[in-house]
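Work through the exercises below with the sequence and the 3D structure at hand. Each task is followed by a solution in steps.

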Amino acid sequence: MKVIAITLGKRLLQYIAAFTGLLQVFSCGLNLGWPSPYIPVLLSEDSPIPMTVDESSWVGTIYPLGGLCGSVLLGVVGGRIGRKSIVLWSSVPFCISRITVAFATTLSMLLIGRLIAGMSEGLALASILIYFSEISDKEIRGMLCSSVSVTLFLGVMVINLVGSYLTIKTSSLILLVIPVINFLTFVWMPESPNYLLMKSKYEEAKQSFISFKGSEDADHSLTVIRTAIEKENLSQTQFICLFKKDNRKQLLATFGLLFAQQMSGITAFSIYAQTIFKEGGEAISPLLSAVIFHTIQLTFSVLSAALVDKLGRRPLLISSSIGSAAALFAGGLFFFIRDVVNVDTSRISVLSTIILFIYTFTFCLGLQTMPNFIPTELFPTTLKAYASTVSNVLLYSLGAISTKYLQFTKDNYGLFVPFWSFAVCVAIGLVIIVKYLPETKNKTLEEIQIELNQSPTTGEGSSQNP
């Protein structure tokens, strides 16, 4: 108990910074899951904003498109403003988006509010991940970064519950308090020491480092980080440097991770959760199914966060990808038998819901949490903002594509088409992950860079834990 108390005391500010930053992530989750309870309301006879099914699909799709715009903006301002400042001031557009949605009376106003929310997430989410990776000790970096995905889907689950009982206006105004609290608490957190060193602010960086990690060995650690940054500054300071030979493996690994994650359909399933469960049959009510779905996401994401620094990134990701692909194939087979072969599945309609639950917990063991933060570990400090822009462009582009693809194929061909398509995409991503993704467990960010630059392979055989 004494050892735990000492460790907690040493890392107390790391945990406080993580908690306050996660309030912003919680806001992102509320926005991400918003269409699930409210699209059925918008399509009902008593809709506050009457719209067609096709128009309603844009309520879900516009959000990742906004995230795409925010990600591009991050590439422009990320290296100039700082990690903390971006997270802090993104609270303002989050508030604006909530007010816009609350008082929207037309589809255009609603889409503008959703677009602003997506842009805010594109800026904030990547910045939070970079910030967490740079302020945390290597022993807990995976856990803190994984907590971002955990909190994201906590927000998704909460909005599904809240949205089932409160109107659009009421829920938007009540949940407006979250970004406000985030601003009032996160404003007291120090900037990342890595970013301050990148801006040649050594004394401020030292104060930040000591605040987060204590004074023991601070000078030596800062010297190591500063030396690495200075070396990076000599050759890697522009966006185009991401595509140099030294960084291609990292880019391929990033693509594989995000392709497997987003083209598994997770964003689409989250946005259309209640609609999908309704398609599967009435054995379990769509609302109850959606709540269970998001509870599984939350529970197994927490488990993944607890295991990532113990078991490593690669084993969890590989297991998660195999399980997700198998579950998606099984789901596609069920809907193919029901819709194409025309077999009566009414007695076993609950099977489709169970398959989707199995997909969810296997997905959350690795693909849910890790693809969002591993790119912040793979790239040097001077390229993190650019790398986050690329990874977020992939994240939101693929998320938007998978969301629109699910809605289009479901309506025109049947659910078996997107399920089987998503299974193939996860399998492709798995091959890329196995070939190009290095293990980063229990390594400092500087050690990861040294290994990537020296090792011709990406397997665990080239890794040496300190």
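**Exercise 1.** Which residues form one aromatic cluster?

*Solution.* The model is predicted. A search of the whole structure finds 19 aromatic pairs. One aromatic cluster is made up of Phe269, Phe334, Phe335, Tyr359, Phe363, Tyr405, Phe419 and Phe422.

**Exercise 2.** Classify the geometry of the aromatic pair Phe269 and Phe422, and state where the two residues lie in the chain.

*Solution.* Step one: the ring centres of Phe269 and Phe422 are 5.9 Å apart, and rings pair if their centres lie within 6.5 Å. Step two: the angle between the planes is 90°, and planes over 60 degrees apart count as edge-to-face, so this pair is edge-to-face. Step three: Phe269 belongs to helix H15 (residues 266–271) and Phe422 to helix H22 (residues 416–436). The two residues are 153 residues apart, and the pair links distant parts of the chain.

**Exercise 3.** Decide for Phe269, Phe422, Phe408 and Tyr413 whether each is buried, partly exposed or exposed.

*Solution.* Buried means under 20% relative accessible area, and exposed means over 50%. Phe269 has 1%, so it is buried. Phe422 has 0% and is therefore buried. The rings of Phe408 and Tyr413 also form an edge-to-face pair, with centres 6.1 Å apart and planes at 70°. Phe408 has 45% relative accessibility, so it counts as partly exposed, while Tyr413, at 52%, counts as exposed.

**Exercise 4.** How do helices H4 and H21 pack, and which classes of residue make the contact?

*Solution.* Step one: the axes of H4 (residues 53–81) and H21 (residues 384–412) lie 7 Å apart, at an angle of about 170°. Step two: angles over 145 degrees count as roughly antiparallel, so H4 is roughly antiparallel to H21. Step three: the contact of H4 with H21 has twelve nonpolar, 14 polar and three charged residues.

**Exercise 5.** Why is helix H3 described as largely enclosed by the rest of the structure?

*Solution.* Helix H3 (residues 35–42) has eight residues, and six of them are buried, so the helix is largely enclosed. The buried residues of H3 are Pro35, Ser36, Pro37, Tyr38, Ile39 and Leu42.

**Exercise 6.** Describe the protein chain as a whole.

*Solution.* The protein chain has 23 helices and zero strands. The C-alpha trace spans about 70 × 50 × 50 Å along its principal axes. Of the 466 residues, 59% count as buried.

Terms used: Residues numbered from 1 in each chain as written. Predicted model: local features only at pLDDT ≥ 70, side-chain atom pairs only at ≥ 80, totals over all residues. Heavy atoms only, no water. Phe/Tyr/Trp six-rings, centres within 6.5 Å; stacked < 30°, edge-to-face > 60°. Helix = DSSP H or I, 4+ residues; strand = E, 2+ residues; numbered from the N terminus. Buried < 20%, exposed > 50% of the residue type's maximum accessible area, 1.4 Å probe, protein only. Axes fitted to C-alpha atoms, helices over the stretch in contact; angles between N-to-C directions. Parallel < 35°, antiparallel > 145°, perpendicular 65-115°, else oblique. Nonpolar A, V, L, I, M, F, W, Y, C, P; charged D, E, K, R; others polar.
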